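Look over the sequence and the structure first.

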Amino acid sequence: MSAVALEPLLHKSYRQNPRFRPRSLKTKHFSLSCSSNKRLSNSSSTFCNFKTPIVHSAKATSTDTAFLETQENETSSDTFFKETFHLKRIQKVEGKISVRLRRGDDKEKWQLSVGCNLHGNWILHWGVNYIDDVGSEWDQPPLEMRPAGSVPIKDYAIETPLTKSSLDLEGEMLHEVKIDFNPDSEIAAINFVLKDEETGSWYQHRGRDFKVPFLDYLHHGSNVVGAKRGFGIWPGALGQLSNILIKTEVSSPKGQDGGSEISGSDMQSRRFEGFYEEYAIVKEVPVDNTLSISVNKCPETAKNNVYLETDIPEDVVVHWGVCKGTDKKWYIPPGPYPPETKAFKNKALRTQLQFKEDGLGSWGSFTLDEEFIGFLFVLKLSDNSWLNDKGSDFYVPLPSSGNLPASSPPQVSGEETDQRAYTDEIINEIRNLVSDISLEKSRKAKTKEAQESILQEIEKLAAEAYSIFRSSIPTFTEATVAELETQKPPAKFCSGTGTGFEILCQGFNWESHKSGRWYMELYEKAEELSSLGFTVVWLPPPTESVSPEGYMPKDLYNLNSRYGNIEELKALVKRFHEVGIIVLGDVVLNHRCAHYQNKNGVWNIFGGRLNWDDCAIVADDPHFQGRGNKSSGDNFHAAPNIDHSQDFVRKDIKEWLCWLREEIGYDGWRLDFVRGFWGGYVKDYLDASEPYFAVGEYWDSLGYTYGEMDHNQDAHRQRIIDWINAASGTAGAFDVTTKGILHSGHWRFPSGKEMQGYAYILTHPGTPSVFYDHIFSHYKSEILALISLRNRNKIHCRSTVKIAKAESDVYAAIIDEKVAVKIGPGHFEPPSGSQNWSFAIEGKDYKVWEAS
Amino acid sequence: MEVSMIGSSTSCSSSSANKIVRSELGFCDLNPRILPTKNKLFFDWKKHRCSKAGIRLMLKTSIRSEAANSETVRPCSGRPRSASGVKLFVGFPLDAVSDGKTINNSRAIAAGIKALKLLGLEGVELPIWWGVVEKEAMGCYEWSGYRALVEMVAKVGLKLHVSLCFHATKQPRIPLPEWVMQIGETQPAIFFKDRSGRQYKDCISLAVDDLPVLNGKSPIRVYQQFCESFNSTFSDFMGSTIMDVSMSLGPNGELRYPSYPAKSSQILSVGEFQCYDENMLAILKQHAEASGNPYWGLSGPHDAPNYDQSPMASNFFREHGGSWETPYGNFFLSWYSSQLISHGDHLLSLASSVFSNTSVTLSGKIPLMHSWYKTRSHPSELVAGIYNTINRDGYEAIAEMFARNSCKMIVPGLDLSDEPQPQESLSSPELLLAQIKQACRKHGVEFCGQNTLVSGDPRGLEQIKKNLVNDNEGLNSFTFQRMGAEFFSPLYFPTFTKLVTTLDQPELGSDDLEGAESFRSMRSLNLGLQK
């Protein structure tokens, strides 16, 4: 196109005389022609052609040159390189979410409509609370409430797409969904969030779910939107977030001001009343812009001229440099530079592009010596976001004396040629396979499915057989007793559940990080711990961490922590192995702290060896703007929750665990906050890392009724067991239920009653875990006595318990018919029957006997 | 039966499909000069061509099997066997029945055998103890517990190998019948005795086989009546569920002398000769006199080592010029081993006559005395009664005896490999196994493999796999020992499952997994769905 051909000359004049901008229209046409080119070339987003620099003919043509003429003009042009990049950037668009409740057309029913006036692929993600449901968990709405196109999500939510509907009052486009419901139904509230499938963003209200309650909870006042009207929208209880990805601020509610009757005392009365409210939202919309680059060679000066032009309507700064070789290393060329150019940290030059006169974009022109073979740059926009070429710097090849474009292969990106080779291969492969596969595929899928279900059934049966065999009186079939007596940790084991005879020591406390040399301090204690009868030690989390205790890991491969450095850790593990103690590493897999902020200032870009992006973060925690899938468990809100459903994440974690096994020598894991992800992933990790012993911390709250801890905590226990089952029994879990009961719901163990707790856990089935501080305290001798009693009587994690007495002041039980224990001040004597009981250990409010 | 509910319509076709695939692999296998083993087949292709070739091959086989399906839709005949032709069994817990009447851990067993059935195993092995069934008085049999167990197995659709155990076991403790032990109090000579006079009370000495020591009956006669009672009690299962009966031939059921103590801390010990009970000594004396060397029959070898000594510490087993190579040595060892073989012959022929009216097969177990195998004198085998040295193949005579009675030979220790054995023991389970296999082959004796222990050592299963896949001619079945907590533990069972489902598959590179997946699924489906 002649317009382009002309430009080089003109650029110079621009620079010499910036006020003189005669060709602004043309540049606009240029970009138009490029976009038509885009359509023609269909899939490729860049358009590029190389032209032989022939004799320069500066002739102007009419501005409305058609695109097709470009081809003709090529020969007469001296443009060496010309390319148009399509830029995607994010623009913030303001809009509103509207919520309306009114009586439906069918007078019997009421209708809740949720709308949004921004473009997008809007989905309403919603659920209900039922009247008699005390919790805040969502439930699925009754079938008749679900609008057409609704999809159930798990068992608690529905996703319904918003449809483009009638224009709203102001005549704007509106996406809307309407939910009809019967006011007599058992629905207490509708909860929802809005999701934009186009961007994957979730929209909440002040960090919580939108909630439309149909019951009056007037006593709640403070957070309730529209509370004065007796009902309205208020935040649900699902999160305690304050820093939300997309905040919806209540713009002053329009309409529906009056007409509200308050009946504050009548808490359970159901009162329906229409309302309409709007919430301002900001959506980030991707905007397409173009960037055109052309390179011309000036025959007189033998210099190259790079001309940049974009239609981005805001300030654009080019960070640029040149390269001398194919390594694309940045150099700062000698001047002169275009106006508005500054050097940036000696690494690049910053040039502000100049606005075109028509205001529709900006341009810049760069003159470079011919010794350089390429021009490198990235763009920075006014909102501090960066634009580059699909992850790498923009690269523009330059003609040099020895580098005649006719003979030199184009090096636009290097990817393109590779890609062609790829494509060829793939096409071949497809050609070869497609005929064979099509038949096979469906059958394969079917058989695979059936096979899976059979394998699952087998696993289930085996697990059942295992648990029964294991809990029956241990008879060690065919193995000589002598072999089993010496229970040293075997060199290679892959069970995750150990032998059942483990006694665990929590080898640190919450303050252990303070000395800075905990590993070395513990080193001195290893032998003593072994002699006390401990077989497993749980070490503090070893990774670099944002919090000194280690539970906010950052770079997983950096094992220098407040407890000591990696070498000290290795030495410590070696020491424990020498004295016959198995070492558990405390691994935090649920969450990870980011190294960098994204362009929104959210900390969600990881660094270190595992430099994951925001795809590694679950999408349903708006704090961290993750782009992964929804979490498979509960979220820990202080740090980005890792999306374990991502293959690359799991692969990296497995590699890391194996590295810890090999490099550090850990024998197993204490898994932090496993409530945060599905037990099946844990199985995956344990299968890969083959720990000798693993235990998960599945800690959620016990059941409380009216502020009192419930006596029956089976539901709580069951949640833990469900997790163990999901992990296919590859790991055990902390008995947080019993712990909670023993603590009577307090964070710390009731002071002065520690020994009663130890008398319980050290005589009962399960794997007892003794806290370091208690071992090295005045309790030491008592703990030691209990441990040796446990070992002497071979009590293991599945020993049988017969509760002999359970009264307000005394609990007593007989374990494996070998050990009797009473806890509490009340009276108990083991029954004198078949066994002779001899007194073994006694302490404050507990007593233990052994059968003789 | 609930087990067969899942998609039974496809089971037949996938079974035949599987056969086709296998036969094709088998065909490749026949070309040893190019591709010596199945394992190499895929390997080589992968290496020398490209990974796609491997995939394409998989597809090709699948296609062919598809074609075969339509032609050969007929009821499946025969039971699933792994391509290697080896039927797989798992042993019941030794104490599945311990009081004669009830099944211990019956729910676990029920779940366990269902799992095994789904896995496609052929059946289970059930040890039936003399000390359980005929516990209290001679001729009073309590079969009900075992019968219930057999019924469970039949219901699930598994086959059964029954081991009739005329010996006792220490772990778990199942002694000989109480009345036998009482007789032993008054007639200690019914038990084996070592040089220092220590008795072995876990089986009756072979020297009294034909003597009326048990309330006027000979042990052989008592064993025979036990077998007859078993045969009549289980007649409705013989040949349909119960496919094989194995006779206990000595300590731990094995054809050997109790030459080493059950709890030996000395791995390197070879054990001692067990010919010092009065009946053995009497027979020895008689034999010596008959052979013209009466002085040789006064005692056992005086220069043999004791339990705590290395075999090379005394003269008898010395590598060069040891007594074992002298005419006396030959005299003694021939007699000692022939006593054992004739004992075995006695019992196996007894069994074959008792069970002649049924279609069950018979078997007997031999030991795998692998330590010191690499010495010239093979002392461990010699004291156990197997006259196998560098100069003489002791397994020939044994195999010949098995062949005479049409019995299969049960060989334990297929999980043992040479590598983990202590260097000093000069042990070689692998070489010994090869020798036994050769003897079996020569005499046309089929053999059945067993492992020694359930253990977390993955090398064990690897070795089993090796034994089942390579050089498996004559290998009739393999029995995994045995069900229990360890067997079903997450430590062992998943590896076991993997082994079973992949047994007859060539090793595939990970990038061929897709193909392997389809291949495997067909097999396990096939196996899982068979009735």
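B:Cys165 is buried, at a relative accessible area of 5%. Buried means under 20% relative accessible area, exposed over 50%, and partly exposed in between, with a 1.4 Å probe and protein chains only. B:Cys448 is buried too, with 5% relative accessibility. Its closest cysteine sulfur belongs to B:Cys440 and lies 9.6 Å away, too far for a bond. Over all chains, the search of the whole structure finds zero disulfides. A disulfide here is a pair of cysteine sulfur atoms within 2.5 Å.

The model is predicted: local features need pLDDT of at least 70, side-chain atom pairs count only at pLDDT 80 or more, and totals for chains, interfaces and linings use all residues. Residues are numbered from 1 along each chain as its sequence is written, chains are lettered from A and ligands numbered from 1 in the order in which they are written, and side-chain values use heavy atoms, leaving out hydrogens and water.

Chain A holds 14 helices and 38 strands. Helices (H or I, at least four residues) and strands (E, at least two) are DSSP runs, numbered from the N terminus. Of its 852 residues, 49% count as buried. Among contacts in chain A with a separation of 6 or more, 66% join residues 24 or more positions apart. Contact means heavy atoms within 4.5 Å.

Two packed helices are described by the angle between their axes and the distance between the axes. Axes are lines fitted to C-alpha atoms, for helices over the stretch in contact, and angles run from 0 to 180 degrees between N-to-C directions.

| Helix pair | Axis distance | Angle |
|---|---|---|
| α4(B), residues 106-119, and α16(B), residues 493-502 | within 11 Å | roughly 30 degrees |
| α8(A), residues 647-664, and α9(A), residues 679-689 | within 9 Å | roughly 40 degrees |
| α12(A), residues 754-761, and α14(A), residues 780-792 | 10 Å | about 10 degrees |

Angles under 35 degrees count as roughly parallel, over 145 as roughly antiparallel, 65 to 115 as roughly perpendicular, and the rest as oblique. So α12(A) is roughly parallel to α14(A). In that pair, A:Met755, A:Tyr758, A:Ala759 and A:Ile761 of α12(A) meet A:Glu782, A:Ile783, A:Leu786 and A:Arg790 of α14(A). By class, this contact has six nonpolar, no polar and two charged residues. Nonpolar covers Ala, Val, Leu, Ile, Met, Phe, Trp, Tyr, Cys and Pro; charged covers Asp, Glu, Lys and Arg; the others, Gly among them, are polar.

α8(A) and α9(A) are oblique to each other. From α8(A), the contact takes in A:Arg650, A:Ile653, A:Lys654, A:Leu657, A:Cys658 and A:Arg661; from α9(A), A:Tyr681, A:Asp684, A:Tyr685, A:Ala688 and A:Ser689. Its classes are six nonpolar, one polar and four charged residues. Buried residues in α9(A) include A:Tyr681, A:Tyr685 and A:Ser689. Just after α9(A), A:Glu690 takes a positive phi of about 45 degrees.

In chain B, B:Ala115, B:Leu116 and B:Leu119 of α4(B) meet B:Phe493, B:Phe496, B:Thr497, B:Val500 and B:Thr501 of α16(B). That contact has six nonpolar, two polar and no charged residues.

Last, a loop residue. B:Ile366 sits between β7 (361-365) and α11 (379-384) of chain B. Is B:Ile366 buried or exposed? B:Ile366 is buried, at 0% relative accessibility. Beyond its neighbours within four places in sequence, B:Ile366 contacts residues including B:Glu254, B:Leu255, B:Tyr395, B:Phe402 and B:Ile436. B:Asn252 is 114 residues away in sequence, yet 9.7 Å away in space, C-alpha to C-alpha.
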